[in-house]
Amino acid sequence: RRLARAGVATVVVARRRRRLSDLAAELAAAPGEVEVLAADLATSRGVARVEERLTDPDRPIDLLVNNAGFGTSGRVAEIEPARLRDEIGVNVMALTALTRAALPSMIERQRGWILNVSSVASFQPAPRLAVYAASKAYVTSFTEALHEELRGTGVHATVLCPGLTRTEFIQVSRGEEVATAYPGAAWMSAEAVATEGLRDAARGRALSVPGMQYKALVTTAGFIPRGMMRWMSGIAASRLR
């Protein structure tokens with residue numbers, strides 16, 4: 001929505017074509033054209049469809065936002081193996097494949113931006129969201145390394161690490177109890193997160209952490225011993241049982 005209303009031609013990707021079509025209809029009056037591409041990034045076929053669009057030489061992409069992802073609340077031993085495979089597939093494998101697909105043409109044009117959406121959970125272990133936090137740790141490390149690899153190419157990689165954000169993520173992750181376990185001040189709107197992430201990407205920053213409360217959390221995490229961080233994460237997880 002932010003991009004289309006700013007006049008940026010946008011390709012929107014998700015599993016459900018109807019919802020994408022509804023979004024395109026909503027933005028019909030926006031100056032930026034909206035192209036719909038339905039693809040399930042938990043499948044190799046879906047990833048291949050988006051890779052094909054990213055590598056189309058006649059319709060170059062200047063900005064790739066890897067926002068698809070989901071988590072699963074619960075103990076690892078109690079979560080269905082197939083769901084964990086899909087979670088890693090979307091959060092890690094698809095993100096890596098799509099980033100790789102976009103880069104060569106961007107580097108050739110000496111122009112481009114990659115915005116990979118991670119989480120503040122990537123900076124510490126998260127019991128009861130263990131696979132999600134681990135997958136986001138990958139995204140953060142991968143994107144920061146990529147940022148350095150791309151230095152001097154005209155292409156920029158930014159990792160966006162939001163905290164609690166009001167989206168459908170909580171319902172999909174089976175973590176409805178989170179909605180009442182944390183105070184309202186801990187939550188940010190999707191629009192605020194998107195605005196800060198796009199601004200930091202445009203500035204070529206490696207790391208974007210929206211919200212002063214989360215900037216402070218990430219900074220503090222770097223000084224806390226790992227054993228204490230694990231203990232604190234376990235205490236926080238106990239609130240959600």
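Where is Gln110 found? In this predicted model, Gln110 is found in the loop that lies between helix 4, which covers residues 81–109, and strand 4, which covers residues 112–117. The backbone of Gln110 has a phi near 60 degrees, which is a positive value in a residue other than glycine. With a relative accessibility of 59%, Gln110 counts as exposed, because exposed residues are those over 50%.

A positive phi is also found at Arg128, where the angle is near 75 degrees and where the residue is, again, other than glycine. Arg128 lies in the loop between strand 4 and helix 5, the latter running over residues 130–149.

Helix 4 also takes part in a packing arrangement with helix 3, which comprises residues 44–54; the axes of these two helices come within 9 Å and cross at roughly 15 degrees. Helix 3 is therefore roughly parallel to helix 4, since angles under 35 degrees count as roughly parallel. The crossing in which helix 3 passes helix 4 is right-handed. On the side of helix 3, the contact is made by Val47, Val50, Glu51 and Leu54, while helix 4 contributes Ala94, Ala97, Leu98, Ala101, Ala102 and Ser105.

Terms used
Residues are numbered from 1 along each chain as its sequence is written. This is a predicted model: local features need pLDDT of at least 70, side-chain atom pairs count only at pLDDT 80 or more; totals for chains, interfaces and linings use all residues. Side-chain values use heavy atoms; hydrogens and water are left out. Helices (H or I, at least four residues) and strands (E, at least two) are DSSP runs, numbered from the N terminus. Buried means under 20% relative accessible area, exposed over 50%, partly exposed in between (1.4 Å probe, protein chains only). Axes are lines fitted to C-alpha atoms, for helices over the stretch in contact, and angles run from 0 to 180 degrees between N-to-C directions. Angles under 35 degrees count as roughly parallel, over 145 as roughly antiparallel, 65 to 115 as roughly perpendicular and the rest as oblique. A crossing is left-handed if the near helix is turned anticlockwise from the far one by less than a right angle, and right-handed if clockwise. Contact means heavy atoms within 4.5 Å.
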